[in-house]
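Please look through the sequence and the model below before reading on.

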Number of protein chains: 2
Amino acid sequence: MTQARETVTFKPGEVILYPGVPGPRDRVYRVLEGLVRLEAVDEEGNALTLRLVRPGGYFGEEALAGMERTYFAEAVTEVVAEPLPKEPHPEEIRQVLLSLAQALSESYRRIERLATQRLKNRMAAAILELAETPLAHEEPEGLVLRATHDELAAAVGSVRETVTKVIGELTREGYIRSGYGKIILKDIRGLKELAQSRGDGR
Amino acid sequence: MTQARETVTFKPGEVILYPGVPGPRDRVYRVLEGLVRLEAVDEEGNALTLRLVRPGGYFGEEALAGMERTYFAEAVTEVVAEPLPKEPHPEEIRQVLLSLAQALSESYRRIERLATQRLKNRMAAAILELAETPLAHEEPEGLVLRATHDELAAAVGSVRETVTKVIGELTREGYIRSGYGKIILKDIRGLKELAQSRGDGR
């Protein structure tokens, strides 16, 4: 288990996996550094984030399961990943299972949010989720998140125009400050409260 | 692998797993017969279906992963399930992994539907999904699905009053006929077309 393994590096914005049936050379990847985003993209080019894969997480499990992949996997930041061997060690299979169990639990949360929360509350949750990824860093003015309105729209399942309105609202209410391609989290406690309440989404 | 194992039978409506941190006696289950529904329930008692587990599928993976469970697992029909041993055989771990990969893929589809489809289109998709479970059976008048409006509301992430309107609409348009606690699928091809288009949900 300690022998050196090949790693692969991807540049920000690079597509790592495309939708389709995995070929014989496709692998499951383990993220060592950076952030990978799995997203569905519709005919009009609107992206929808399905899952964020952080260091320690696995993706591309369709290669093990022989299933069709329905999403793109994209490097959000520079990503260093380790492809698993074609027949992984049982202990590694177990690690993939734990990672998928975690991902499934997160996707349940995403389903709940989409079904029951207003956009503003979902946006607070998305900002907090992204703030725990390599897209965020501490600055003297607070925790700064690098994210465009398009990326935020993909994170909450909406479109940029609507997101711009909601970001304006959150800014006016003092939860965040927003600048070009970045969000500064000013009231993390308030954002957490928003993220935990539903508004009246159904 | 061929030795006899204990199985457990659950009655329709019986709760198999509750939310919370799995205890030392909690197990992962494999469904042998029937249908299990994983659902979140909010403070007002509104249920939201997170996943349907059919024969061959596994649930309760939190027991392997040591993670908190956020949902109820409920027997929809009579269910026969097999609890896995505390330390499953590597081949069985692999089977759980494949089941979770499938579940994750289905949950991505659910996320996409919630983010992008109108309720009517999601309802068509939910009816078709439920029609492939033990809740449906062939009768001379067509494929009959046993489902209350509450269950359909949980399946699409809405509430009964709204669902009743949409079911009325689908009935008037000839896609289904609906009776007390049941739906008769009259135009499966039409339902499939509806399920594949988005309406204008975003």
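In chain A, the cover over the buried residues of helix 4 includes strand 5 (47-53), helix 2 (90-116), helix 3 (119-130), helix 5 (160-172) and strand 12 (182-185). Helices (H or I, at least four residues) and strands (E, at least two) are DSSP runs, numbered from the N terminus. The model is a predicted one, in which local features need pLDDT of at least 70 and side-chain atom pairs count only at pLDDT 80 or more, while totals for chains, interfaces and linings use all residues. Residues are numbered from 1 along each chain as its sequence is written, chains are lettered from A and ligands numbered from 1 in the order in which they are written, and side-chain values use heavy atoms, with hydrogens and water left out.

The buried residues of helix 4 (residues 149-156) of chain A are Leu152(A), Ala153(A), Ala154(A), Ala155(A) and Val156(A). Buried means under 20% relative accessible area, exposed over 50%, and partly exposed in between (1.4 Å probe, protein chains only). Just after helix 4 of chain A comes Gly157(A), with a positive phi of about 75°.

In chain B, helix 4 (residues 149-156) packs against helix 5 (residues 160-172) at an angle of about 100°, and their axes are 9 Å apart. Helix 4 of chain B is therefore roughly perpendicular to helix 5 of chain B; the cut-offs are under 35 degrees for roughly parallel, over 145 for roughly antiparallel, 65 to 115 for roughly perpendicular, and oblique for the rest. Axes are lines fitted to C-alpha atoms, for helices over the stretch in contact, and angles run from 0 to 180 degrees between N-to-C directions.

Strand 5 (residues 47-53) of chain B holds Leu52(B). Because its relative accessibility is 7%, Leu52(B) counts as buried. Among the residues that Leu52(B) touches, leaving out those up to four places away in sequence, are Leu35(B), Val36(B), Glu106(B) and Thr133(B); contact means heavy atoms within 4.5 Å.

The largest nonpolar core has 66 residues, and those with the most contacts inside it are Ile16(A), Val36(A), Phe59(A), Ile16(B), Val36(B) and Phe59(B). Such a core is a set of buried Ala, Val, Leu, Ile, Met, Phe, Trp, Tyr and Cys residues joined through side-chain atoms within 4.5 Å.
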